[in-house]
Amino acid sequence: MTGEAAVTTREVEARFWQRLHEWIVTVDHKRLGVMYVLYALLFLLIGGSEALLIRLQLVAPHNTLLAPQTFNRLFTLHGTTMVFFVGMPLIFGFANYLVPLMIGARDMAFPRLNAFSFWMSAFAGLLLYFSFLGAEGLYGAGSAPDVGWFAYAPLTSRAFSRGHSTDYWILSIFLSGVGSIGTAVNIITTVLSRRCPGMTLGKLPLLCWFYVVDSVLVLVGVPPLAAAQLMLLADRFLGAHFFDTQAGGSAVLWQHFFWIFGHPEVYILMIPGWAFASEIIPVFSRKAIFGYPVLVGAVIAIGFVSLSVWAHHMFAVGMSMTANTFFMVATLLVGIPTGIKIFNWIGTMWGGKIRLATPMLFCIAFIGQFLIAGLTGIMLAAVPFNWQLTDSTFVVAHFHFMLVGSLLFTVFAAFYYWFPKVTGRMLDEKLGKLHFWLFLVGFHLTFTVMHIPGLLGMPRRIYTYEPGRGWETLNLVITIGAFFQAAGVACFLVNLVRSLHKGKLAGPDPWDAWTLEWSTSSPPPEYNFAVVPTVRSRRPLWDLKHPEDPDWVYE
Amino acid sequence: MGDAPANIFAAVSAPASRTSELSLFVLAVTGAIFFVVFGLTIVAVVRFRRRDTDDGREPPQVYGSNQLETAWTVVPVLIVLVLALTTARVIQSIQGVTRPANAIDVIVIGHQWWWELRYPGLGIVTANELHVPVSDPLAPTPTWLTLLSADVAHSFWVPRLAGKTDLIPNRVNHMWIAPTAPGVYVGQCAEYCGTQHAKMLLRVYVHPRDEFERWAQAQRQGDPQVPSELDAVVAGRRVFESNACINCHSVAGTVGNGRYGPDLTHLMSRATLAAGAAPLSPETLRAWIRDPNGIKPGAHMPAMKLTEQQIDQLVQFLLTLH
Ligand SMILES: [Cu+2]
Ligand SMILES: [Cu+2]
């Protein structure tokens with residue numbers, strides 16, 4: 001009896017190690033996709049907890065919950081984590097999983113590069129947090145970086161940032177950049193060379209188009225950042241003077257480098273959000289996407305223009321009138337293709353039969369919030385208005401409308417939409433709706449309200465503030481909102497874990513959708529498709545389901 | 001604006017008021033866009049949501065419309081054109097102004113975490129609290145700020161007077177203000193500059209012309225009126241002069257000529273201590289000298305480990321620096 005039990009435990013153990021080993025050495029795009037997403041969720045919890053602490057400190061004026069330096073470390077880690085170790089792995093995770101399936105391919109073009117990129121990004125995240133242990137350095141001044149996520153020079157120089165926390169920050173971002181570049185190359189190559197027969201570029205699912213543009217932006221935007229990190233490292237260790245103002249270096253140069261990356265980065269994070277919306281809105285409106293070629297054109301246009309707007313983050317550094325005017329006009333131009341996209345989504349819903357399931361709810365909220373983010377973006381482009389708004393809580397509200405109100409909302413939509421494909425089980429609708437409403441209310445309590453203290457003169461990144469400036473009540477409300485959002489995320493996580501075992505069985509095509517990933521089983525087999533599919537239109541499954549009225553007649 | 005003393009729309013000075021007009025215009029335009037587009041979204045969702053009575057058939061498929069696409073491209077182009085032209089004009093009206101001959105010059109130097117203020121034309125050096133004259137719109141006497149930094153990047157922001165301009169080391173920036181109403185206007189450093197970025201506050205006192213002249217007269221460098229009959233004051237001065245205070249601080253008429261910390265010659269003419277970290281009073285002064293980090297953790301002034309008696313004497317001396 002005991003012998004038997006011992007054998008089974010050993011067997012279970014052996015199976016566990018074997019499965020772990022399989023996941024670690026995998027080069028399968030689906031497993032890597034899932035690993036990216038799980039890794040992002042882990043960091044989402046970390047970055048989210050940091051945000052909650054930040055909000056608790058700001059709940060009342062002259063609060064002493066956190067020491068100034070602790071607060072500064074928290075917002076630095078929060079920003080760095082959310083951009084590089086939540087946003088990027090999330091979008092790459094979804095790309096990894098979906099792009100090959102949607103183009104009828106069996107894997108990415110370079111499976112091993114794919115695994116390499118994932119592990120680079122994963123180690124980069126660990127390196128950032130290893131700073132807590134390793135940064136002490138000679139001065140005992142270490143711990144986590146406290147230079148802000150855009151780390152303006154010369155605050156990052158040896159003179160102002162002792163210990164090694166800034167070095168960990170530099171290295172971790174540099175490494176994550178290596179991973180991003182690898183994945184971008186992989187996505188572009190995959191889409192260009194692995195499409196199934198019949199899938200011309202004009203029949204490519206919008207999601208894949210958007211990811212190609214996204215990856216091109218990664219290739220253009222990330223190398224300058226990596227270069228800047230190396231220059232900074234040279235300043236700190238080799239006595240170079242790129243950004244060392246005391247030796248004639250330029251603080252503004254760092255800002256240019258950073259934002260030449262930073263502005264495209266905003267779009268790198270946001271384009272996949274548009275991609276999810278452009279797949280989900282048609283299916284839940286039961287209509288083909290409105291203006292497919294225009295949407296592709298719009299996103300390419302945004303990609304181009306987004307390369308020439310970086311200095312709108314720098315209107316207050318004292319640029320010339322000409323430069324200010326140029327960057328103002330370029331930034332306003334982004335508004336045009338952005339507007340076009342919103343109208344096309346509304347055009348898709350118009351005349352449809354809208355199913356208000358959880359993925360669609362998140363998409364509808366996304367449209368409203370993305371609209372607001374765009375409009376506050378126009379305000380920020382109006383240079384004199386920007387001189388008031390930049391570096392205030394208004395700007396923080398603006399980009400959280402982009403990254404939370406737009407990107408995270410569409411990511412949630414994507415979770416509810418594709419979870420059945422990945423796991424074979426549906427996420428629970430009731431919990432999903434609870435998640436949606438809690439998060440929606442929390443989001444607006446926090447970020448809609450956060451615009452106002454900025455208009456009343458409250459700068460960002462202050463660990464405390466004076467009473468009597470009209471900011472107290474607003475900050476209290478903002479903090480309350482943060483906890484609503486946390487409750488929403490809790491619902492989401494419970495839903496993920498519960499549905500994994502208890503969810504309704506999904507079947508291959510639970511949403512009655514139209515793209516290729518829904519033509520294979522859920523979860524798909526390792527080889528994705530037993531027979532490589534052939535397509536004749538943008539909606540191969542529509543053609544299959546409606547042989548009397550197929551799409552290719554019209555396209 | 002008793003409620004919100006740093007409201008950007010409660011402008012009392014030329015750059016801020018021009019900005020505020022532009023901002024309201026941009027808000028109106030974007031507000032209108034919001035109502036139209038958000039309204040359309042809501043209408044679409046409500047009108048085209050699937051009813052319980054749905055027959056299960058797919059709706060008619062529409063793939064696009066060139067007329068519509070053209071319409072919703074042209075309209076944004078026109079809006080962008082209007083916004084760009086309006087904004088360019090306001091940029092010109094703020095950045096394109098040349099310095100009038102009768103402007104008051106002030107050099108503002110950002111330090112971690114306080115403001116050094118120098119009036120080269122008037123021979124005044126002070127800190128954290130800027131005093132400027134009212135500028136009559138008919139005969140403007142604007143204040144011309146030259147912005148420098150001694151260490152890292154900072155940003156000068158007093159919302160009711162003007163938008164921000166950064167103070168960047170190894171770079172010279174300029175901005176101007178032309179306040180039209182006397183009063184005290186608050187603001188603070190708006191570019192993250194390290195540990196005490198939050199306690200790098202600014203106060204700007206706008207005086208009627210004659211009051212400003214009187215202030216400037218009183219501030220001109222010179223012997224502080226030290227009533228030497230008081231033993232404690234004499235002793236305090238001795239403590240000040242025989243400690244490292246003098247390496248970091250200047251007090252005209254003493255051997256103290258350091259420039260690392262704020263000039264203390266007219267310390268008591270200020271309302272706040274250490275860039276707004278505390279109100280200025282004998283008690284806060286005492287606490288500050290005993291342990292600056294107790295009031296402003298991270299501040300670049302050391303606790304000098306003086307005896308309580310020495311601190312008392314020092315404070316007596318500092319209190320005479322009007
Ligand atoms: Cu930008
Ligand atoms: Cu500062």
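This is a predicted model: local features need pLDDT of at least 70, side-chain atom pairs count only at pLDDT 80 or more; totals for chains, interfaces and linings use all residues.
His263(A) and His312(A) are 49 residues apart, and they link distant parts of the chain. His263(A) sits in helix α7 of chain A, residues 251–285. His312(A) comes from the loop between α8 and α9 of chain A. Are these two buried or exposed? His263(A) is buried, and His312(A) is buried too.

Next, the interface. How many residues does the contact take from chain A and from chain B? Chain A gives 94 residues, and chain B gives 89. The size of an interface is often given as the accessible area lost when the parts come together. Here, about 7600 Å² is buried between chain A and chain B. Carbon and sulfur atoms give 68% of that. On the chain A side, three residues lead: Lys353(A), Gln388(A) and Arg469(A). They supply 10% of the area that chain A buries against chain B, more than any other three residues.

Now the polar side of that interface. Between chain A and chain B, 33 residue pairs are in polar contact, counting pairs with both residues at pLDDT 80 or more. Which elements of chain A give two or more residues to the side that touches chain B? They are α3, α7, α8, α9, α10, α11 and α13. Helix α9(A) gives the most, with 14 residues. By type, that side of chain A divides into 55 nonpolar, 26 polar and 13 charged residues.

On to salt bridges. Over all chains, the search finds 19. Across the interface of chain A and chain B, there are 3. One salt bridge joins Asp54(B) to Lys353(A), at 3.0 Å from N to O. Lys353(A) is also one of the three residues that lead in buried area.

Another salt bridge joins Arg286(A) to Glu58(B), with the closest N and O atoms 2.7 Å apart. The pair crosses between chains. Arg286(A) lies in the loop between α7 and α8 of chain A. Glu58(B) lies in the loop between α1 and α2 of chain B. Arg286(A) has a relative accessible area of 4%, so it counts as buried. Glu58(B), at 23%, is partly exposed. Both belong to a salt-bridge network that also includes Asp509(A), Asp512(A) and Lys545(A).

Glu213(B) meets Arg209(B) at 3.1 Å, N to O. These two are 4 residues apart in helix α3 of chain B, so about one helical turn separates them. Glu213(B) is partly exposed at 39% relative accessibility, and Arg209(B) is partly exposed at 35%.

The other is Glu308(B) with Arg290(B), at 2.8 Å, N to O. This pair links distant parts of the chain, 18 residues apart. Glu308(B) is in helix α8 of chain B, and Arg290(B) is in helix α6. Glu308(B) is partly exposed at 42%. Arg290(B) is partly exposed at 39%.

Last, one serine. Where is Ser180(A) found? Its place is helix α5 of chain A, residues 165–193. Ser180(A) has a relative accessible area of 5%, so it counts as buried. Leaving aside neighbours within four places in sequence, Ser180(A) is in contact with Met88(A), Phe92(A) and Val218(A).

Key:
Residues are numbered from 1 along each chain as its sequence is written. Chains are lettered from A and ligands numbered from 1 in the order in which they are written. Side-chain values use heavy atoms; hydrogens and water are left out. Buried means under 20% relative accessible area, exposed over 50%, partly exposed in between (1.4 Å probe, protein chains only). Contact means heavy atoms within 4.5 Å. Buried area is the accessible area (1.4 Å probe) that two parts lose on being put together, summed over both. A salt bridge is a side-chain nitrogen of Lys or Arg within 4 Å of a carboxyl oxygen of Asp or Glu. A polar contact is a pair of N or O atoms within 3.5 Å; within protein, one must be able to donate a hydrogen and the other to accept it, and residues adjacent in sequence count only if both atoms are side-chain atoms. Ala, Val, Leu, Ile, Met, Phe, Trp, Tyr, Cys and Pro count as nonpolar, Asp, Glu, Lys and Arg as charged, and the others, Gly among them, as polar.
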